[in-house]
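This briefing takes up the strand pairing of the structure shown below, then the helices beside it, and then its aromatic contacts.

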Amino acid sequence: MPTLRLGPLELETPVLSAPIAGFTDSIYRRTVRDLGGCGLLFTEMVWAGGWVQGKIDPGRLDGVAEEPRPLGVQLWDREPELIEEAARRLAEMHVSLIDLNFGCPKKRIMGRHAAGATLLRDPATVGKLVAAAVRGAGAVPVTAKIRLGPSLAARTATDVARSIQDNGAVAITVHGRTADQHYGDPCHLDLIGEVVQAVSIPVVANGDVHDVASARRTLEATGAAGVMVARAALTRPWIFREISAALSGTTVPPPPTALEQKTLLLRNHAAMVEREGDPRGTILMRKFACRYIAGAPGTHAFRDAITRARDAADFCDIVERLFPLDEDAAGAAIEPLLDEFACE
Ligand SMILES: Cc1cc2nc3c(=O)[nH]c(=O)nc-3n(C[C@H](O)[C@H](O)[C@H](O)COP(=O)(O)O)c2cc1C
């Protein structure tokens with residue numbers, strides 16, 4: 001099995017689970033961990049200033065203190081002292097790795113906060129933020145996640161990546177799109193490859209990896225040391241074990257049976273309701289339930305009903321009645337809805 005070393009952290013497999021706001025909470029992470037094959041899991045992005053200054057309830061850190069390692073936490077902000085303090089707190093929680101977000105194209109983050117992908121215009125500030133995280137993190141390794149630049153006309157990724165490296169980060173993840181491309185155009189694997197050439201620390205390639213073939217293609221075309229998967233894993237959280245098995249030359253395991261998928265869905269719903277109460281937990285679970293079987297034939301009635309589930313009893317009833325236990329529908333060749341998301 002090829003491994004991936006991120007500073008002091010040795011990952012068992014170079015296949016990583018991306019930070020996804022609104023999705024990669026502790027319940028999702030448990031699912032991915034249980035299914036196996038994932039080298040490193042990330043939280044959703046956490047606003048360092050909001051947390052440190054007590055402006056937000058850092059619910060995105062739920063589970064972080066106690067759940068199994070390795071676990072990475074992603075921070076965003078544009079103030080070095082806030083990043084440093086947040087990193088110091090995370091180090092006290094013994095997280096495995098701290099990642100900084102320089103890729104979020106959301107208007108609120110780029111505009112009002114001038115953070116996320118806005119910082120791709122400013123490699124020097126990116127460097128200061130990385131240096132601050134490294135100071136706060138102590139022995140915990142720091143990484144950063146970037147896009148190719150604000151736009152194709154302003155591709156700053158190589159300068160930004162050098163600044164990240166020079167200020168002490170141990171690896172960089174590159175999503176192969178510019179900020180203004182959101183998720184629309186295909187990823188530019190060649191431009192991820194330029195970043196790989198520009199730095200000596202490991203680069204993890206991200207964007208449009210949705211099966212074994214696209215993972216192989218991405219690694220070959222970019223020369224990256226690993227791949228990170230986001231959207232496809234919301235539909236098929238067992239994708240990590242498939243890619244990891246293929247990369248290590250072992251037999252790719254079959255997807256969970258339809259019954260196993262149904263059991264997983266009910267388990268996650270119960271955990272969500274326990275954490276959030278009902279009906280809030282049920283309402284939050286609707287989006288996961290839809291994606292679990294997105295695109296599979298014969299699932300329309302289930303998706304239609306589950307998006308309107310009112311409470312826990314209603315949710316369970318819909319799953320019992322309509323979850324497609326036909327293996328063809330629930331288990332096989334489910335294509336992720338890659339363009340479904342409007343923003344991150
Ligand atoms: C709904 C949504 C939320 C996201 N949240 C984050 C986030 O919190 N931090 C981050 O670095 N990237 C975030 N991303 C970007 C993904 O991590 C990833 O870079 C992008 O989706 C491309 O990978 P994919 O083609 O495998 O989905 C988000 C993407 C989506 C669709």
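Phenylalanine 102 has isoleucine 146 in β7 as its bridge partner. Strand β6 (residues 97-102) and strand β7 (residues 142-146) pair in the parallel sense over five bridges, where pairing requires that DSSP finds at least two bridges between two strands. The model is a predicted one, in which local features need pLDDT of at least 70 and side-chain atom pairs count only at pLDDT 80 or more, whereas totals for chains, interfaces and linings use all residues. Residues are numbered from 1 along each chain as its sequence is written, and side-chain values use heavy atoms, with hydrogens and water left out.

**Sheet**

- Eight strands form an open sheet with parallel pairing, in the order β3-β10-β9-β8-β7-β6-β5-β4; strands here are DSSP runs (E, at least two residues) and helices are runs of H or I of at least four residues, both numbered from the N terminus.
- At the edges are β3 and β4 (41-47), each of which pairs on one side only.
- From one strand to the next, the twist averages 25 degrees, with axes taken as lines fitted to C-alpha atoms, for helices over the stretch in contact, and angles running from 0 to 180 degrees between N-to-C directions.

**Helices on the sheet**

- Helix α3 (residues 80-92) packs on the sheet and touches β5 (71-76) and β6, its direction making about 165 degrees with that of β5; contact means heavy atoms within 4.5 Å.
- Helix α10 (residues 239-247) also packs on the sheet, touching β3 and β10 (226-229), and its direction makes about 165 degrees with that of β3.

**Aromatic pairs**

- Three aromatic pairs are found in a search of the whole structure; rings of Phe, Tyr and Trp (its six-membered ring) pair if their centres lie within 6.5 Å, with planes under 30 degrees apart counted as stacked, over 60 as edge-to-face and the rest as tilted.
- One of these pairs joins phenylalanine 23 and phenylalanine 288, which is edge-to-face because the ring centres are 5.3 Å apart and the planes stand at 75 degrees.
- This pair links distant parts of the chain, 265 residues apart, with phenylalanine 23 in the loop between β3 (15-17) and α1 (26-35) and phenylalanine 288 in helix α12 (residues 280-292).
- Phenylalanine 23 is buried at a relative accessible area of 8%, and phenylalanine 288 is buried at 6%, where buried means under 20%, exposed over 50% and partly exposed in between (1.4 Å probe, protein chains only).

**Charges over rings**

- Lysine 287 lies over the face of phenylalanine 23, at 4.6 Å from the ring centre, the criterion being NZ of Lys or CZ of Arg within 6 Å of the ring centre and within 35 degrees of the ring normal.
- The charged end of arginine 89 sits over the ring of tryptophan 51, 5.4 Å from its centre.
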